[in-house]
Amino acid sequence: LSLRTTLSGKGDLIAALRQYINEFGIQTGLYAQFRSNVTASPTISPTAEAQLVRIFQEALTNVRKHAHAANVEVSLDVRDGLLWFSVSDDGVGIQQEAITGSHFGLLTMRERAASINGELNIYSSLGEGTRVELSLPLGV
(Lines give C-alpha, C1' and ligand atoms only; values in the text may rest on other atoms or scores of the structure.)
Protein backbone atom coordinates (compact mmCIF):
# COMPACT_ATOMS: atom_id res chain seq x y z
CA LEU A 1 0.00 0.00 0.00
CA SER A 2 1.18 3.51 -0.72
CA LEU A 3 -0.38 6.79 0.26
CA ARG A 4 -0.91 8.96 -2.78
CA THR A 5 -0.09 12.36 -1.39
CA THR A 6 2.79 14.67 -2.02
CA LEU A 7 2.95 15.55 1.67
CA SER A 8 3.77 19.07 0.53
CA GLY A 9 1.02 20.81 2.44
CA LYS A 10 -0.71 21.50 -0.89
CA GLY A 11 -2.48 18.19 -1.33
CA ASP A 12 -5.84 17.17 0.05
CA LEU A 13 -4.97 15.20 3.17
CA ILE A 14 -8.57 14.17 3.81
CA ALA A 15 -9.04 12.78 0.30
CA ALA A 16 -5.70 10.94 0.50
CA LEU A 17 -6.59 9.36 3.87
CA ARG A 18 -10.03 8.40 2.60
CA GLN A 19 -8.57 6.76 -0.52
CA TYR A 20 -5.92 4.94 1.50
CA ILE A 21 -8.43 3.47 3.96
CA ASN A 22 -10.68 2.37 1.08
CA GLU A 23 -7.74 0.61 -0.61
CA PHE A 24 -6.67 -0.86 2.73
CA GLY A 25 -10.13 -2.39 3.14
CA ILE A 26 -10.08 -3.87 -0.36
CA GLN A 27 -6.59 -5.35 0.04
CA THR A 28 -7.10 -6.75 3.55
CA GLY A 29 -10.74 -7.78 3.37
CA LEU A 30 -11.52 -5.73 6.49
CA TYR A 31 -14.56 -3.49 6.69
CA ALA A 32 -12.72 -0.16 6.68
CA GLN A 33 -14.37 3.22 7.23
CA PHE A 34 -13.18 6.80 7.22
CA ARG A 35 -15.16 9.36 9.22
CA SER A 36 -14.45 13.07 9.31
CA ASN A 37 -16.40 16.14 10.25
CA VAL A 38 -13.58 18.25 8.82
CA THR A 39 -14.60 19.82 5.50
CA ALA A 40 -11.20 21.17 4.42
CA SER A 41 -7.72 19.85 4.99
CA PRO A 42 -6.56 20.98 8.43
CA THR A 43 -3.90 23.66 8.75
CA ILE A 44 -0.81 21.74 9.78
CA SER A 45 2.76 21.98 8.55
CA PRO A 46 4.12 19.62 5.90
CA THR A 47 6.25 18.02 8.64
CA ALA A 48 3.22 17.44 10.86
CA GLU A 49 1.28 16.07 7.89
CA ALA A 50 4.11 13.65 7.08
CA GLN A 51 4.30 12.43 10.68
CA LEU A 52 0.52 12.02 10.89
CA VAL A 53 0.59 9.94 7.71
CA ARG A 54 3.40 7.74 9.04
CA ILE A 55 1.52 7.19 12.33
CA PHE A 56 -1.61 6.37 10.30
CA GLN A 57 0.31 3.84 8.19
CA GLU A 58 1.94 2.20 11.23
CA ALA A 59 -1.38 1.94 13.06
CA LEU A 60 -3.00 0.27 10.04
CA THR A 61 -0.01 -2.03 9.61
CA ASN A 62 -0.50 -3.13 13.21
CA VAL A 63 -4.19 -3.78 12.55
CA ARG A 64 -3.33 -5.85 9.48
CA LYS A 65 -0.52 -7.84 11.12
CA HIS A 66 -1.66 -8.29 14.71
CA ALA A 67 -5.28 -7.34 15.46
CA HIS A 68 -7.19 -10.19 13.80
CA ALA A 69 -9.92 -7.58 13.35
CA ALA A 70 -12.97 -7.58 11.11
CA ASN A 71 -13.50 -3.81 11.23
CA VAL A 72 -11.30 -0.74 11.32
CA GLU A 73 -12.35 2.89 11.53
CA VAL A 74 -10.24 5.97 10.94
CA SER A 75 -11.59 9.28 12.16
CA LEU A 76 -10.49 12.88 11.85
CA ASP A 77 -11.95 15.72 13.89
CA VAL A 78 -11.09 19.29 14.83
CA ARG A 79 -12.08 20.61 18.24
CA ASP A 80 -10.68 22.99 20.81
CA GLY A 81 -7.83 24.07 18.51
CA LEU A 82 -6.61 20.50 18.09
CA LEU A 83 -6.64 18.01 15.27
CA TRP A 84 -7.85 14.64 16.60
CA PHE A 85 -7.00 11.56 14.59
CA SER A 86 -7.73 7.96 15.54
CA VAL A 87 -7.53 4.41 14.22
CA SER A 88 -9.85 1.94 15.97
CA ASP A 89 -10.31 -1.78 15.42
CA ASP A 90 -12.41 -4.57 16.88
CA GLY A 91 -9.55 -7.04 17.10
CA VAL A 92 -7.93 -9.02 19.88
CA GLY A 93 -6.46 -5.99 21.65
CA ILE A 94 -3.00 -5.37 23.04
CA GLN A 95 -1.66 -6.40 26.42
CA GLN A 96 -1.00 -3.43 28.71
CA GLU A 97 2.70 -4.32 28.92
CA ALA A 98 3.00 -3.90 25.16
CA ILE A 99 1.27 -0.51 25.23
CA THR A 100 3.55 0.90 27.92
CA GLY A 101 6.64 -1.04 26.84
CA SER A 102 9.24 -0.32 24.21
CA HIS A 103 7.83 -2.15 21.21
CA PHE A 104 9.46 -0.55 18.18
CA GLY A 105 6.34 0.39 16.20
CA LEU A 106 4.48 1.88 19.16
CA LEU A 107 7.60 3.67 20.39
CA THR A 108 8.19 5.13 16.91
CA MET A 109 4.59 6.38 16.72
CA ARG A 110 5.02 8.13 20.09
CA GLU A 111 8.31 9.70 18.98
CA ARG A 112 6.70 10.93 15.75
CA ALA A 113 3.81 12.47 17.69
CA ALA A 114 6.16 14.17 20.15
CA SER A 115 8.22 15.62 17.28
CA ILE A 116 5.17 17.63 16.14
CA ASN A 117 4.00 18.63 19.64
CA GLY A 118 1.31 15.98 19.50
CA GLU A 119 0.16 13.44 22.00
CA LEU A 120 -0.36 9.78 21.15
CA ASN A 121 -2.49 7.54 23.32
CA ILE A 122 -3.28 3.88 22.87
CA TYR A 123 -6.38 2.37 24.43
CA SER A 124 -6.93 -1.36 24.38
CA SER A 125 -8.50 -4.22 26.27
CA LEU A 126 -7.83 -7.84 25.45
CA GLY A 127 -10.63 -9.13 23.24
CA GLU A 128 -12.11 -5.67 22.75
CA GLY A 129 -9.91 -4.03 20.14
CA THR A 130 -7.55 -1.10 20.10
CA ARG A 131 -7.77 2.65 19.48
CA VAL A 132 -4.70 4.69 18.59
CA GLU A 133 -5.44 8.38 19.13
CA LEU A 134 -3.31 11.35 18.10
CA SER A 135 -4.02 14.94 19.03
CA LEU A 136 -1.95 17.82 17.78
CA PRO A 137 -2.31 21.57 17.76
CA LEU A 138 -3.47 23.17 14.54
CA GLY A 139 -0.94 25.36 12.79
CA VAL A 140 1.99 23.17 13.89
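Author: Pairing first: two strands pair if DSSP finds at least two bridges between them. Helices (H or I, at least four residues) and strands (E, at least two) are DSSP runs, numbered from the N terminus. This is a predicted model, where local features need pLDDT of at least 70 and side-chain atom pairs count only at pLDDT 80 or more, while totals for chains, interfaces and linings use all residues. Residues are numbered from 1 along each chain as its sequence is written, and side-chain values use heavy atoms, with hydrogens and water left out.

Reader: OK. What's the strand order in the sheet?

Author: β1-β2-β3-β5-β4. The sheet is open, has five strands and shows mixed pairing.

Reader: Which strands are at the edge?

Author: β1 and β4 (119-124), each of which pairs on one side only.

Reader: And how many degrees of twist from one strand to the next?

Author: The average is 10 degrees.

Reader: How do β2 and β3 run, and how many bridges join them?

Author: They run antiparallel, with eight bridges between β2 and β3 (residues 82-89). The two strands form a hairpin with two residues between them. Asp80 sits in that turn with a positive phi of about 55 degrees.

Reader: What's opposite Val74 in β3?

Author: Val87.

Reader: And the bridge partner of Val87 in β5? Which residue?

Author: Val132. Strands β3 and β5 (residues 130-137) are antiparallel too, with eight bridges joining them. Another facing pair there is Trp84 and Ser135.

Reader: How many bridges for β4 and β5?

Author: Six, in the antiparallel sense. Tyr123 stands opposite Arg131 of β5. Their hairpin has five residues between the strands, and Gly127 there takes a positive phi near 80 degrees.

Reader: What's the span of α2 against the expected one?

Author: The 22 residues of α2 reach 30 Å from first C-alpha to last, close to the 32 Å expected at 1.5 Å a residue. The expected span is 1.5 Å times one less than the number of residues. His68 follows α2 and has a positive phi, near 55 degrees.

Reader: What do the buried residues of α2 pack against?

Author: α1, β2, β3, α4, β4 and β5. Among the buried ones are Leu52, Ile55, Phe56, Leu60 and Val63.

Reader: Core next. Which residues touch the most other members of the largest nonpolar core?

Author: Leu60, Val72, Phe85 and Val87, out of 37 residues. Helix α2 gives the most to this core, with nine residues. A nonpolar core is a set of buried Ala, Val, Leu, Ile, Met, Phe, Trp, Tyr and Cys residues joined through side-chain atoms within 4.5 Å.

Reader: What does Leu60 touch?

Author: Tyr20, Ile21, Phe24, Val72, Val74 and Val87, not counting residues up to four places away in sequence.

Reader: Charges now. How many salt bridges in the whole structure?

Author: Three. The criterion is a side-chain nitrogen of Lys or Arg within 4 Å of a carboxyl oxygen of Asp or Glu.

Reader: What does Glu73 form a salt bridge with?

Author: Arg35, with the closest N and O atoms 2.8 Å apart. Glu73 is in β2 (residues 71-79) and Arg35 in β1 (residues 31-36), so the pair ties together parts 38 residues apart in sequence. Glu73 is partly exposed at 26% relative accessibility, and Arg35 is partly exposed at 44%.

Reader: Asp77 next: buried or exposed?

Author: Buried, at 19% relative accessible area. Asp77 meets Arg79 in a salt bridge at 2.7 Å, N to O. Arg79 counts as partly exposed, at 37%.

Reader: And Arg131, how far apart are the closest N and O atoms in its salt bridge?

Author: 3.4 Å, with Glu133 as the partner. Glu133 is buried at 16%, whereas Arg131 is partly exposed at 32%.

Notes. Buried means under 20% relative accessible area, exposed over 50%, partly exposed in between (1.4 Å probe, protein chains only). Axes are lines fitted to C-alpha atoms, for helices over the stretch in contact, and angles run from 0 to 180 degrees between N-to-C directions. Contact means heavy atoms within 4.5 Å.
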